[in-house]
Amino acid sequence: QVQLAESGGGLVQPGGSLRLSCAASGTIFSRNVMGWYRQAPGKQRELVAVISSSGMSMYAESAKGRFTISRDNAKITVYLQMNTLKPEDTAVYYCNAGTTVGLAGPHWGQGTQVTVSS
């Protein structure tokens, strides 16, 4: 059974940084496409960034230039470094594991709250 556990969320001031982590288990992690999604109150869940098994990454327009997704296959962990955070980045951030870039996979973490506020 695939399990994903996010951590690293919290309260940060505008312009600040956070690094989210997602530890995976029960899967051949190195083969998975890993993604970060977010859902703000009253909005649909949206893709933030995704990284393929080969390390190719893609970003939502809102994340380009500010966020960086990376993976450490030895630690079975995917990261999301978020810089220059804005209030509109406030959301619950979810880790996702799948097999196809651009399509959310069937496995989700429980989510971690990110709040950007002064």
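The side chain of Thr77 comes within 2.8 Å of the backbone oxygen of Lys75. Keep in mind that this is a predicted model. Thr77 belongs to strand 8, which covers residues 77–82.

**Around Thr77**
- Is Thr77 buried or exposed? Thr77 counts as buried because its relative accessibility is 9%, and the cut-off for buried is under 20%.
- Leaving aside residues up to four places away in sequence, Thr77 touches Ser21, Cys22, Ala23, Phe29, Ser70, Arg71 and Asp72.

**The nonpolar core**
- How many residues does the largest nonpolar core have? The count is 27, and the residues with the most contacts inside this core are Met34, Trp36, Val78, Leu80, Met82 and Tyr93.
- Several strands each supply at least two residues of this core: strand 3 (18–25), strand 4 (33–39), strand 5 (46–51), strand 7 (67–72), strand 8, strand 9 (91–98) and strand 11 (112–116).
- As general background, nonpolar side chains tend to be buried together in soluble globular proteins.

**Around Ala5**
- Ala5 sits in strand 1, made up of residues 3–7.
- With a relative accessible area of 40%, Ala5 is partly exposed, because that class lies between the 20% and 50% cut-offs.
- Again leaving out residues up to four places away in sequence, Ala5 is in contact with Ser21, Cys22, Ala23 and Gln110.
- Which distance separates Ala5 and Gly111 in space? From C-alpha to C-alpha they are 7.8 Å apart, while 106 residues apart in sequence.

Notes:
Residues are numbered from 1 along each chain as its sequence is written. This is a predicted model: local features need pLDDT of at least 70, side-chain atom pairs count only at pLDDT 80 or more; totals for chains, interfaces and linings use all residues. Side-chain values use heavy atoms; hydrogens and water are left out. Helices (H or I, at least four residues) and strands (E, at least two) are DSSP runs, numbered from the N terminus. Buried means under 20% relative accessible area, exposed over 50%, partly exposed in between (1.4 Å probe, protein chains only). A polar contact is a pair of N or O atoms within 3.5 Å; within protein, one must be able to donate a hydrogen and the other to accept it, and residues adjacent in sequence count only if both atoms are side-chain atoms. Contact means heavy atoms within 4.5 Å. A nonpolar core is a set of buried Ala, Val, Leu, Ile, Met, Phe, Trp, Tyr and Cys residues joined through side-chain atoms within 4.5 Å.
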